[in-house]
Amino acid sequence: MPHGTLEVLLVGAKGLENTDFLNNMDPYVVLTCRSQEQKSSVASGKGSEPEWNENFVFTITDGVTELTLKILDSDFGTADDFVGKATIPLEPLFMEGKLPPTAYNVIKDQEYKGEIRVGLTFTPQENCNHGHEAEEESFGGWKQSSVAF
């Protein structure tokens, strides 16, 4: 399985179902890659055609096969509304290395609810050690260094 860095360019969305009846909705995206989760800014008042143009970086380790984008509408005073989600398989990206901004279907209750545009770049981690750079995965907490000073 590939190890490395996944860069996600969240461009925007089109044709989303507007969940606010009186105003334009304020959509944002929760990006999930296995146990890592990041959140975009809220596109205030952008309705069903939001643009973000934001970058996110995830660490890819064993078992990561997809990126999930969950679109929500930020609501003041009540729970945020679920607009839809897109699941992007990462296997083609691991082979290509870079995918230009592409439209992915947004689905809610097995129905098409618009599309979200995302660009992806995968940078594999080098397996050769450059002196003191040992391959490691951080789970937090204490770790022992293998470097002799």
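Okay, let's start with Gln125: at 33% relative accessibility it counts as partly exposed, meaning between the cut-offs of under 20% relative accessible area for buried and over 50% for exposed (1.4 Å probe, protein chains only). Quick caveat: this is a predicted model, where local features need pLDDT of at least 70, side-chain atom pairs count only at pLDDT 80 or more, and totals for chains, interfaces and linings use all residues. Numbering runs from 1 along each chain as its sequence is written, and side-chain values use heavy atoms, with hydrogens and water left out.

Gln125 sits in the segment after strand E8 (111-124); strands here are DSSP runs of E, at least two residues, and helices are runs of H or I, at least four, numbered from the N terminus. In sequence Gln125 and Thr59 are 66 residues apart, yet C-alpha to C-alpha they are 9.8 Å apart in space.

Now the backbone. Most residues other than glycine have a negative phi. Asn53, in strand E4 (residues 51-60), has a positive phi of about 50°, and is partly exposed at 48%. Gln110, in the loop between strand E7 (98-108) and E8, has a positive phi of about 60°; Gln110 is exposed, at 79%.

Last, the inside. The largest nonpolar core has 31 residues, and Leu90, Ile116 and Leu120 touch the most other members. By nonpolar core I mean buried Ala, Val, Leu, Ile, Met, Phe, Trp, Tyr and Cys joined through side-chain atoms within 4.5 Å. Beyond its neighbours within four places in sequence, Leu120 has contacts (heavy atoms within 4.5 Å) including Leu6, Val8, Leu90 and Tyr104.
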